[in-house]
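The sequence and structure come first, and the description follows.

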Amino acid sequence: MTKFVINPNVKKSKIHKEIYGHFSEHLGRCIYEGMYVGEDSPIPNVNGMRTDVVEALKEMKIPVLRWPGGCFADEYHWKDGVGPKENRKKIINTHWGGVVEDNSFGTHEFFELCRQLGCEAYVNGNVGSGTVQEMSEWVEYMTFDGVSPMADWRKENGHEDSWDVAFFGVGNENWGCGGNMTPEFYANEYRRYQTYVRDYKADKKIYKIACGPNVDDYEWTEGVMSTCFRHSQPFQHGFMDGLSLHYYTHPEGWEIKGSATDFDDKVWYKTLSKTLYMEELIRRHGAIMDKYDPKKEIGLIVDEWGTWFTVEPGTNPGFLYQQNTMRDALVAGINLNIFNKHSDRVRMANIAQIVNVLQSVILTEGEKMIKTPTYHVFNMYKYHQDAMLVDSHIDTETIGVEEEYQVPNLTESVSVDENGVLHITVTNLSLTEDYEIDTTILEKNISEVKGEILTEEMHAMNTFEEPETVCTKEFTDVKITDKGLAFTIPACSVLHLSVK
């Protein structure tokens with residue numbers, strides 16, 4: 001019997017809704033065909049946005065969407081994507097597949113998508129190949145309501161009112177595809193560029209995000225933080241609000257990656273072991289940030305995470321299209337539990353990418369659309385959004401098939417929402433073992449418990465022929481006891497319990 005103790009009276013940190021954020025790049029079929037089909041498409045749409053995809057994402061309560069990249073962001077010149085579509089410049093997408101980018105999806109279309117989704121906008125600016133003026137004018141175009149050249153141009157292009165930009169990234173992966181910079185060079189560029197990301201609305205401050213490290217590049221974090229805060233106050237609101245972190249799960253390494261659907265028990269545990277590395281990355285990068293920001297006022301923004309496998313056979317290797325199995329569902333559940341547990345420092349996270357690319361929540365094929373196992377995890381975990389993390393601990397044992405890739409059998413996180421409802425999420429990483437959980441919930445009288453679960457064998461996936469193979473089911477194997485709850489979590493599963 002596994003012991004699980006929850007203390008709802010010890011509230012630790014707010015789980016910002018943006019931890020459940022998503023990422024869309026001009027890459028493969030993410031935007032074109034995935035979310036945007038154009039106004040003249042036979043696929044049902046509203047102003048060019050796929051109705052089925054929008055409705056599915058709204059059900060999942062998508063809180064924020066990052067755009068236009070990714071590597072594409074530091075080669076994107078926003079003026080190419082506004083104005084009459086027939087006049088927009090066609091370019092080559094040099095990063096992703098060498099295909100023609102016709103810029104029919106630009107700034108106006110992105111904000112129309114956010115409007116339909118009811119989510120916040122996270123815009124990534126171009127530092128690698130763009131200018132300070134270009135970035136400054138984009139912010140003016142998007143957010144200024146008065147009389148100015150950019151605001152007037154926006155109105156001429158059909159949008160009288162300005163938009164709200166909740167989050168703005170000053171560059172992307174500037175240690176690599178965003179310019180191959182050193183940390184000190186980038187930090188000085190950040191200081192300069194962010195100066196001109198103006199807050200044109202007193203009540204709508206833009207949350208500025210600096211380019212942070214790739215995986216375990218602790219030298220980058222130290223160099224950026226130390227350079228940015230040289231000749232500055234130790235912390236200054238509006239100067240740097242967030243620092244990004246990118247980490248993908250590659251079970252077979254960056255070069256090989258491995259199949260999304262053809263794997264054995266060893267690769268299952270290897271994948272989950274590498275996923276759990278996220279916790280160490282947050283802790284160690286967070287410790288460096290603590291030296292400059294001990295009050296944790298700068299958020300760690302994990303704006304690229306998820307599985308990255310070899311593309312599906314027969315697809316363009318530059319499109320990064322992969323299938324999605326129960327293994328991806330466990331990766332999602334583990335990461336989201338980690339982010340919840342570290343919500344004192346993690347302010348936002350954005351899984352890569354939202355449709356048809358990498359660890360997608362949705363796949364499309366013509367008029368068809370399916371929800372992936374990862375979608376169902378996000379849909380179960382949505383109740384954590386803007387809730388308060390509470391103190392919890394579960395006893396674990398080490399499992400796996402080889403000494404190198406041992407993992408804990410369980411992960412968990414618990415929050416309490418504004419109505420006093422507890423939301424408990426648990427993942428069972430074992431392929432073979434069910435676990436009986438004896439849960440103590442301190443100082444709480446339980447009147448009702450409801451459960452939902454995602455569980456199938458490890459290779460299970462949804463296809464366009466069989467779209468409901470993996471879906472959430474009601475979970476009833478839970479009992480109210482005199483001290484809390486008792487339940488059995490099946491092998492290879494992700495579970496959500498709501499407790500009143």
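The model is predicted, so local features need pLDDT of at least 70 and side-chain atom pairs count only at pLDDT 80 or more, whereas totals for chains, interfaces and linings use all residues. Residues are numbered from 1 along each chain as its sequence is written, and side-chain values use heavy atoms, with hydrogens and water left out.

The rings of tryptophan 138 and phenylalanine 168 pair edge-to-face, because their centres are 6.5 Å apart and their planes stand at 80 degrees; rings of Phe, Tyr and Trp (its six-membered ring) pair if their centres lie within 6.5 Å, and planes under 30 degrees apart count as stacked, over 60 as edge-to-face and the rest as tilted. This pair links distant parts of the chain, with tryptophan 138 in helix α3 and phenylalanine 168 in strand β9 (residues 167–170), 30 residues apart; helices (H or I, at least four residues) and strands (E, at least two) are DSSP runs numbered from the N terminus. Tryptophan 138 counts as buried at 3% relative accessibility, and phenylalanine 168 is buried with a relative accessible area of 0%.

## Arginines over rings

Arginine 29 places its charged end over the ring of tyrosine 321, 5.2 Å from the ring centre, where a charge sits over a ring if NZ of Lys or CZ of Arg is within 6 Å of the centre and within 35 degrees of the ring normal. The face of phenylalanine 23 has arginine 66 lying over it, at 4.5 Å from the ring centre.

## Helix packing

Helix α3 packs with helix α4 (residues 149–156) at an angle of about 55 degrees, their axes being 8 Å apart; axes are lines fitted to C-alpha atoms, for helices over the stretch in contact, and angles run from 0 to 180 degrees between N-to-C directions. The two helices α3 and α4 are therefore oblique to each other, given that angles under 35 degrees count as roughly parallel, over 145 as roughly antiparallel, 65 to 115 as roughly perpendicular and the rest as oblique.

The axes of helix α8 (residues 326–341) and helix α9 (residues 373–381) come within 7 Å and cross at roughly 30 degrees, which makes α8 roughly parallel to α9.

Technical notes: Buried < 20%, exposed > 50% of the residue type's maximum accessible area, 1.4 Å probe, protein only.
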